[in-house]
Amino acid sequence: MTDIEPDETVDARGAACPGPLMDLIGAIRSADSGEVIRLLSDNEQSLSDVPEWAEEAGNELRAVEELDDHREFYVEKA
Amino acid sequence: MTEHVVIVGGGTGGSVLANDLADRLEPELDAGDVRITLINDDADHVYKPVWLYVPFGQREPDNGRRPLEDLVDDRVDIRIDRVTEIDTDAKRLESMEGNDVIEYDYLVLATGSTLVPEEIPGLVDGGHDYYSESGAVDLRDELLSLTEGRLVLSVIGTPHMCPAAPLEFVFMADDWLRERGLREEIDITYTYPIQRVHGNPHIAEWARPIMEERDIQVETFFNAEAVDPEAETITSMEGTELDYDLLVTIPPHAGVDLIAAAGLGDDGWVDVDKHTLEAEAAENVYALGDTADTGVPNAGSVAHYQAGVVGQRLASEIRDRPATATYDGKTLCFIETGMDAASFVEFDYETPPSPAPPSEKLHWSKLAYNETYWLTARGLL
């Protein structure tokens with residue numbers, strides 16, 4: 001388990017693609033630099049969408065946690 | 001005791017449902033056992049798909065307006081008012097007009113989407129849209145005066161109404177400018193927030209080669225951060241800056257505030273069971289169309305099909321029978337690919353879309369449906 005303390009959590013479980021990524025982008029949009037957003041997603045596509053966008057936007061994907069029925073992505077705003 | 005069904009919102013979902021219930025519950029309405037009230041903050045029903053055609057001079061905003069009184073069954077009470085508060089525990093609504101409290105037994109929220117361009121600095125002054133009557137009219141004037149330079153279509157808000165409309169706009173603009181002999185002088189750029197040109201991967205895969213053939217430039221992973229109306233630039237969160245001479249955007253969308261205030265869902269969208277359309281946070285409350293957070297497109301066809309499901313479920317509940325009707329995600333869209341050709345998609349929760357080859361027949365089918373839409377609003381088609 002990661003010990004990263006998120007500043008905000010976005011629960012996008014149950015959302016169809018591209019809902020989880022758009023929810024993450026929305027949270028990053030209103031976050032301050034250095035804040036960490038935790039995205040909860042059970043959509044397989046998030047596994048590629050989130051790292052690809054984080055790299056494109058210059059944000060850091062600090063951790064991905066595998067849980068029983070979903071994943072948690074920790075993204076730090078640049 | 002008279003059961004009171006209150007529908008908030010007189011767009012496609014609310015109007016179709018009101019007429020559906022008036023027909024379905026005719027015996028109960030005649031006996032005074034049921035009363036239906038449709039609350040809308042405008043005396044007119046507005047059919048928004050007309051706006052896509054306004055910038056190209058093919059329709060006028062008035063073509064998309066008709067009085068609710070003309071469309072909705074006489075047995076439905078129409079109240080022109082704006083709901084300001086929902087109390088789902090007491091089953092009561094407060095509104096702007098009058099001092100009375102509106103009590104309901106069953107509540108259906110069909111309040112739809114609103115535009116919030118002010119969320120993006122500079123967008124109100126720098127951007128144009130065809131997602132409002134005034135925006136579409138202004139854009140018509142701007143398009144007519146554009147003879148050279150760069151036309152940028154930027155999808156900023158998702159989810160947004162009619163997910164096909166941004167593609168339709170650039171395909172139509174490309175064709176329209178070619179017909180007018182201006183395409184060589186005007187570059188078209190399309191931006192989208194994720195790594196493809198549409199939220200649905202099947203539609204994106206179909207559209208991308210058409211954009212390449214038509215020389216429509218594409219910027220993906222473009223989430224608008226700010227617009228500079230003086231410098232005529234739009235910048236993204238990802239660090240890309242684009243120059244424009246005419247900026248057309250799909251502005252950020254939101255639902256209405258009273259839904260979040262009532263604890264029914266975030267951002268004005270109601271959290272629902274995506275099959276029954278029942279609100280998760282309250283009893284005897286349904287949502288449909290854009291208002292229902294189901295993950296399907298915000299489209300008129302969705303609101304239309306969902307209204308049929310909610311109508312059946314409400315009738316069952318009022319008659320003390322188990323409600324069995326469910327929504328399967330059915331969505332149907334025509335997609336204009338130019339000024340005289342269109343494609344068509346139909347899909348649901350389980351079946352992905354497979355766009356039909358563009359044809360003139362499908363284009364005329366879309367225009368014909370837009371005219372017969374008024375029968376849909378009346379609950380006849």
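**Exercise 1. Work out how helix α1 and helix α2 of chain A pack.**

*Solution.* Start with the two helices, which are DSSP runs (H or I, at least four residues) numbered from the N terminus. Helix α1 of chain A covers residues 19-30 and helix α2 of chain A covers residues 46-57. Next, take their axes, lines fitted to C-alpha atoms over the stretch in contact, with angles from 0 to 180 degrees between N-to-C directions. The axes are 9 Å apart, at an angle of about 30 degrees. Angles under 35 degrees count as roughly parallel, so α1(A) and α2(A) are roughly parallel to each other.

This is a predicted model: local features need pLDDT of at least 70, side-chain atom pairs count only at pLDDT 80 or more, and totals for chains, interfaces and linings use all residues. Residues are numbered from 1 along each chain as written, while chains are lettered from A and ligands numbered from 1 in the order in which they are written.

**Exercise 2. Find which residues of α1(A) and α2(A) meet.**

*Solution.* Look for contacts (C-beta atoms, placed from the backbone, within 7 Å). From α1(A) come Pro20(A), Leu21(A) and Leu24(A); from α2(A) come Ser46(A), Asp49(A), Val50(A) and Trp53(A).

**Exercise 3. Describe how domain 1 and domain 2 of chain B are arranged.**

*Solution.* First, find the bounds, which come from an automatic or database domain assignment: domain 1 is 3-113 + 255-318, and domain 2 is 120-246. Their C-alpha centres lie 32 Å apart. Finally, the contact takes 14 residues from domain 1 of chain B and 18 residues from domain 2 of chain B.

**Exercise 4. State how many residues each chain gives to the contact of chain B with chain A.**

*Solution.* Take each side in turn: chain B gives 11 residues and chain A gives 14 residues.

How values were computed
Two residues are in contact if their C-beta atoms, placed from the backbone, lie within 7 Å. Angles under 35 degrees count as roughly parallel, over 145 as roughly antiparallel, 65 to 115 as roughly perpendicular and the rest as oblique.
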